[in-house]
Amino acid sequence: MTGVSLVKDVGKREALWEGQHELAAEKIYAMCSDLGGFFLKVAQIIGKPGLAPAAWVRRLVTLYDRASPTPFDAVKLVLEKELGRSMEDIFERFDVEPLGSASIAQVHRARLIGDKSDVVVKVCEKEVGHASPFSLH
């Protein structure tokens, strides 16, 4: 007798695999969330339907628009460096809370000085240019 147990019942076997996929998906999610940026993008690609088990897709799909946002102080620093001016010189209003936050960028609602309509400002992670020299769609 060996230590190997074969599960012949298809339903039981599928349930065992599903449980393993759920554990693996949670580990991938946690690791990529901690590493951020490029690794979140990789997790998004892995989690596309047809490329990964359903448990992975269910868990990793949340990374498309519900990733942890970058703190506003960092967003402000990036914007002011890129625009060469303070935010107060450009925007009449700028929402601190992002409309959405994903793997390598987040978006904020804002209003330009002298304009009556809102704009959406997309702010990319500062390390994206170094970690990923190409665009992933």
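Start with the whole chain, coloured by secondary structure. Read along the sequence, the pattern of the protein chain is α-α-α-α-α-β-β-β-β-α. That makes six helices and four strands. Keep in mind that this is a predicted model.

Now colour by burial. The protein chain has 137 residues, and 26% of them count as buried. Next, think about contacts along the chain. Take the contacts between residues at least 6 apart in sequence: 44% of these join residues at least 24 apart.

**Stop 1: two helices side by side**

Select residues 10–35, helix α1, and residues 37–46, helix α2. How do they pack? Their axes are 6 Å apart, and the angle is about 150°. An angle over 145 degrees counts as roughly antiparallel, so α1 and α2 are roughly antiparallel to each other.

Show side chains at the contact. From α1, pick Cys32, Ser33 and Leu35. From α2, pick Gly37, Phe39, Leu40 and Ala43. Which classes of residue meet here? The contact of α1 with α2 has five nonpolar residues, two polar ones and no charged ones.

**Stop 2: the buried side of α2**

Stay on α2. Select Gly37, Leu40, Lys41, Ala43 and Gln44, which are buried. They cover an arc of only 160° around the axis, so they sit on the same side of α2. Look down the helix axis to see this. In general, an α-helix has 3.6 residues a turn, so residues three or four places apart point the same way.

What covers the buried residues of α2? The cover includes α1 and also α3, residues 54–60.

**Stop 3: the end of α1**

Go back to α1 and select Asp34. Is Asp34 buried or exposed? Its relative accessible area is 70%, so Asp34 is exposed. Compare Cys32, one of the α1 residues in the contact with α2. At 5% relative accessibility, Cys32 counts as buried, because the limit is under 20%.

Now draw a distance from Asp34 to Ser68. These two are 34 residues apart along the chain, and their C-alpha atoms are separated by 9.7 Å.

**Stop 4: into strand β3**

Jump to residues 105–112, strand β3, and pick Ala105. Ala105 is buried, with a relative accessible area of 13%. Which residues does Ala105 touch, leaving aside its neighbours within four places in sequence? Select Lys122, Val123 and Cys124: Ala105 is in contact with them.

Draw another distance, this time from Ala105 to Pro69. The pair is 36 residues apart along the chain, with 8.7 Å between the C-alpha atoms.

**Stop 5: one step back, into the loop**

Select Ile104, in the loop between β2 (100–101) and β3. Ile104 counts as partly exposed, at 24% relative accessibility. Ile104 and Glu125 are 21 residues apart in sequence, yet 5.4 Å apart in space, C-alpha to C-alpha.

**Last stop: the cysteines**

At 39% relative accessibility, Cys124 counts as partly exposed. Cys32, by contrast, counts as buried.

How many disulfides are there? A disulfide is a covalent bond between the sulfur atoms of two cysteines. With a cut-off of 2.5 Å between sulfur atoms, the count comes to zero.

Notes:
Residues are numbered from 1 along each chain as its sequence is written. This is a predicted model: local features need pLDDT of at least 70, side-chain atom pairs count only at pLDDT 80 or more; totals for chains, interfaces and linings use all residues. Side-chain values use heavy atoms; hydrogens and water are left out. Axes are lines fitted to C-alpha atoms, for helices over the stretch in contact, and angles run from 0 to 180 degrees between N-to-C directions. Angles under 35 degrees count as roughly parallel, over 145 as roughly antiparallel, 65 to 115 as roughly perpendicular and the rest as oblique. Contact means heavy atoms within 4.5 Å. Ala, Val, Leu, Ile, Met, Phe, Trp, Tyr, Cys and Pro count as nonpolar, Asp, Glu, Lys and Arg as charged, and the others, Gly among them, as polar. Buried means under 20% relative accessible area, exposed over 50%, partly exposed in between (1.4 Å probe, protein chains only). The arc is that of the directions from the helix axis to the C-beta atoms.
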